[in-house]
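Subject: Structure handover

Hi,

Here is the structure I promised to pass on. Please have a look at it first, and then read on for what turned up.

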Amino acid sequence: SLEVSLGALFFAALVGLPLGGAVALFRFPGRRAVVVLMNALMGLPPVVVGLLVYLVLSRSGPLGDLGWLFTPTAMIVAQFVLITPIVAALTRQVMQDLWEEYELQLRSLGASPLRAIPTLLWDGRFQLMTSLLAGFGRAIAEVGAVIIVGGNIAHVTRVMTTAIALETSKGDLSLALALGIILLGLALAINAAASILADWGRGYDG
């Protein structure tokens with residue numbers, strides 16, 4: 001579960017953070033439509049994403065030769081598609097607020113919007129942690145998409161959420177509940193660690 005979700009989060013951060021920063025700082029035709037689309041994609045139905053990724057990765061699909069279907073890689077791809085809009089949209093809001101605060105100062109130093117993106121990403125790294133945690137929460141709780149593209153294969157593509165769904169359908173509620181408690185504990189531990197790190201970082205900067 002952690003391997004798949006953290007892997008998807010890593011790639012979503014690589015794409016979503018600079019994308020959200022670019023949409024926040026640059027002015028271009030259709031920008032409002034892009035913002036609306038990013039916000040709308042935050043609510044992508046997981047089963048639809050799973051179906052689309054399945055079609056792309058199936059033998060008859062454009063990426064079928066890669067052989068990724070029913071592997072953890074396919075699950076990472078599905079979660080990446082799901083959480084990248086979340087990371088990008090939340091990043092855009094944070095970066096827009098920072099740009100409004102520091103635009104005049106950065107422009108006086110000769111920084112263009114393109115050069116300002118890395119600076120603001122670093123300056124807002126603790127606020128942006130919330131964006132990443134939101135993406136991680138969506139990924140770690142995902143069921144529909146990962147079942148479709150992963151197949152819920154024991155010891156290969158079965159993660160905590162799909163195992164919980166399977167055990168519940170089998171009527172083994174005690175095992176399903178135990179797995180749910182473990183999953184909740186993992187999520188809480190990661191969020192707590194991130195919160196402590198953010199508080200420590202703010203104190204250090206201060």
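A residue is called buried here if its relative accessible area is under 20%, and exposed if that value is over 50%. With that cut-off, 41% of the 206 residues of the protein count as buried. Please keep in mind that this is a predicted model.

First, the overall layout. The protein has nine helices and zero strands, so there is no strand to look for by the definition used for these elements. Along the principal axes, the C-alpha atoms fill a box of roughly 65 × 45 × 25 Å. Among contacts between residues at least 6 apart in sequence, 71% join residues at least 24 apart.

Next, the interior. In soluble globular proteins, nonpolar side chains tend to be buried together. The largest nonpolar core here has 43 residues, and L25, I83, M95, L120 and V149 touch the most other members. At least two residues of this core come from each of α1 (2-25), α3 (46-57), α4 (72-108), α5 (113-123), α6 (125-140), α7 (144-150), α8 (160-170) and α9 (173-205). The helix that gives the most is α4, with 12 residues. Apart from this core lies another one of five residues, including V35, M38, A88 and A89.

Leaving out residues up to four places away in sequence, V149 touches G50, V53, Y54, L69, F70, T71, A74, M75 and A78.

How do α4 and α5 meet, and at roughly what angle do their axes cross? The two axes come within 10 Å and cross at roughly 115 degrees, and the crossing is right-handed. On the α4 side, the contact is made by T91, M95, L98, W99, Y102, L106 and R107, which meet P113, A116, I117, T119, L120, L121 and D123 of α5. These residues divide into 10 nonpolar, two polar and two charged.

Then there is α8, where the buried residues are M160, T161, T162, A163, I164 and E167. G171 follows α8 and has a positive phi, near 90 degrees.

Last, the aromatic rings. The count comes to two aromatic pairs. F10 and F11 form an edge-to-face pair, with 5.2 Å from centre to centre and 75 degrees between the planes. F11 has a relative accessible area of 42%, and is therefore partly exposed.

Happy browsing, and do write back with any questions.

Best wishes

Technical notes. Residues are numbered from 1 along each chain as its sequence is written. This is a predicted model: local features need pLDDT of at least 70, side-chain atom pairs count only at pLDDT 80 or more; totals for chains, interfaces and linings use all residues. Side-chain values use heavy atoms; hydrogens and water are left out. A nonpolar core is a set of buried Ala, Val, Leu, Ile, Met, Phe, Trp, Tyr and Cys residues joined through side-chain atoms within 4.5 Å. Buried means under 20% relative accessible area, exposed over 50%, partly exposed in between (1.4 Å probe, protein chains only). Helices (H or I, at least four residues) and strands (E, at least two) are DSSP runs, numbered from the N terminus. Contact means heavy atoms within 4.5 Å. Axes are lines fitted to C-alpha atoms, for helices over the stretch in contact, and angles run from 0 to 180 degrees between N-to-C directions. A crossing is left-handed if the near helix is turned anticlockwise from the far one by less than a right angle, and right-handed if clockwise. Ala, Val, Leu, Ile, Met, Phe, Trp, Tyr, Cys and Pro count as nonpolar, Asp, Glu, Lys and Arg as charged, and the others, Gly among them, as polar. Rings of Phe, Tyr and Trp (its six-membered ring) pair if their centres lie within 6.5 Å; planes under 30 degrees apart count as stacked, over 60 as edge-to-face and the rest as tilted.
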